[in-house]
Structures are given as C-alpha cells and as structure tokens.
Amino acid sequence: MKIFLDANILVSVLNKEYPVFSFSSRILSLAQNKKFEVFTSPLCLAIAFYFAEKKHKTVKAKEKIKLLCDYIQITSNSRQAVTRSLENPAVHDFEDGLEYYAALEDDCKCIITEDISDFYFSEIEILNSESFCNKYLI
C-alpha cells in the first residue's frame, strides 16, 4: 500500500511531539516494510525542515531530513499538480492541493495527516496517524 505523509506527521517525528509521535513514528517505520511504500513531497520536507530547524538548529535539522530521505520516497511537485490545485474550485488551500496531487500522481491510496479537515476535497482515504495505526497495523 502506498501512503503519503503530510508535513505535520514528519514534524511530529522529527521533533518528537507527543502524543502524535507514538503513532507517527510507527507509521514512518513502515518504510522498511515491504507491504507499504511511504511517500512525502518536497514541500512537506521543506515545512518539516522549517519546524525541525526552529527546535534543533540548522545542522541537526539537515541531518534529520537527510536521514528521513534515506528511508522514504519523495514525490514530485509537478507543473500538472500546480495547475490541478489552482483549477480545482474545491481546493481552498494551495499547499494542501499540492500535497494531494503529489500523492495522487504517485498513486498513493491514503494521506496521513493530523489535519484531516484540510483534505475535505479528497477522493482518496484521509486518516490521522492514530486511525491509520488502528486500521492497518493492528
């Protein structure tokens, strides 16, 4: 199963933000499980870096992002995703549209986010980290 991790999931892992960390770290570990392919986008990585840098400073934040990139796959933020985000009248938040279309372009079946309501327009499954763990990992 291909899954897409929103920036807030990455931030919770990089900064060990509880209680989400308990679930998000389990999800991130799925990158080593052959049943799952774990994706995120360059945009999500940039957002995660920003928050990791605030907590850990630049050098440590870069180390954390590099380690993350060694394990997960990175989608593209294509021109088509930009266009689709701008042209879809249901997409009110451009950033969420970019993430959604990046996930779609790599055929992800689920987006994992702590802000489920941001993806109200989604045609694929949207779950928070706890719900994903309860549904797919138990």
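Start by selecting Thr113 and Asn8: their side chains are joined by a polar contact of 3.1 Å. A polar contact here is a pair of N or O atoms within 3.5 Å; within protein, one must be able to donate a hydrogen and the other to accept it, and residues adjacent in sequence count only if both atoms are side-chain atoms. Before you go on, note that this is a predicted model, where local features need pLDDT of at least 70 and side-chain atom pairs count only at pLDDT 80 or more, while totals for chains, interfaces and linings use all residues. Residues are numbered from 1 along each chain as its sequence is written, and side-chain values use heavy atoms, with hydrogens and water left out.

Stay on Thr113, which sits in the loop between strand S4 (110-112) and S5. Helices (H or I, at least four residues) and strands (E, at least two) are DSSP runs, numbered from the N terminus. Is Thr113 buried or exposed? Thr113 counts as buried, at 0% relative accessibility. The scale is this: buried means under 20% relative accessible area, exposed over 50%, and partly exposed in between (1.4 Å probe, protein chains only). Now show what Thr113 touches, not counting residues up to four places away in sequence: Asp6, Asn8, Ile9, Phe119, Ile126, Leu127, Asn128 and Ser129. Contact means heavy atoms within 4.5 Å.

**Into the core**

Next, select Ile3, Leu5 and Phe132. Of the 42 residues in the largest nonpolar core, these three touch the most other members. Such a core is a set of buried Ala, Val, Leu, Ile, Met, Phe, Trp, Tyr and Cys residues joined through side-chain atoms within 4.5 Å. Color helix H3 too, as H3 gives the most to this core, with 8 residues. Then zoom in on Ile3: leaving aside neighbours within four places in sequence, its contacts include Ile27, Leu30, Phe36, Cys108, Cys110 and Phe132.

**Charged pairs**

How many salt bridges are there? The count comes to 3, where a salt bridge is a side-chain nitrogen of Lys or Arg within 4 Å of a carboxyl oxygen of Asp or Glu.

- Select Asp70 and Lys66, whose side chains meet in a salt bridge at 3.8 Å, N to O. They are 4 residues apart in helix H3 (residues 42-71), so about one helical turn separates them. Asp70 is exposed, at 52% relative accessibility, and Lys66 is exposed as well, at 53%.
- Select Lys109 and Asp107, which form a salt bridge at 2.9 Å, N to O. Lys109 is partly exposed, with a relative accessible area of 44%, and Asp107 is partly exposed, with 43%.
- Select Glu125 and Lys135, which meet in a salt bridge at 2.5 Å, N to O. This pair links distant parts of the chain: Glu125 lies in strand S5 (residues 125-127) and Lys135 in helix H6 (residues 129-136), 10 residues apart. Glu125 is partly exposed at 22% relative accessible area, and Lys135 is partly exposed at 49%.

**Last stop: the cysteines**

A disulfide is a pair of cysteine sulfur atoms within 2.5 Å, and a search of the whole structure finds 0 of them. Select Cys69: the nearest cysteine sulfur, that of Cys44, is 11 Å away. Cys69 counts as partly exposed, at 27% relative accessibility. Finish with Cys133, where the nearest cysteine sulfur belongs to Cys110, 11 Å away. Cys133 is buried, with a relative accessible area of 0%.
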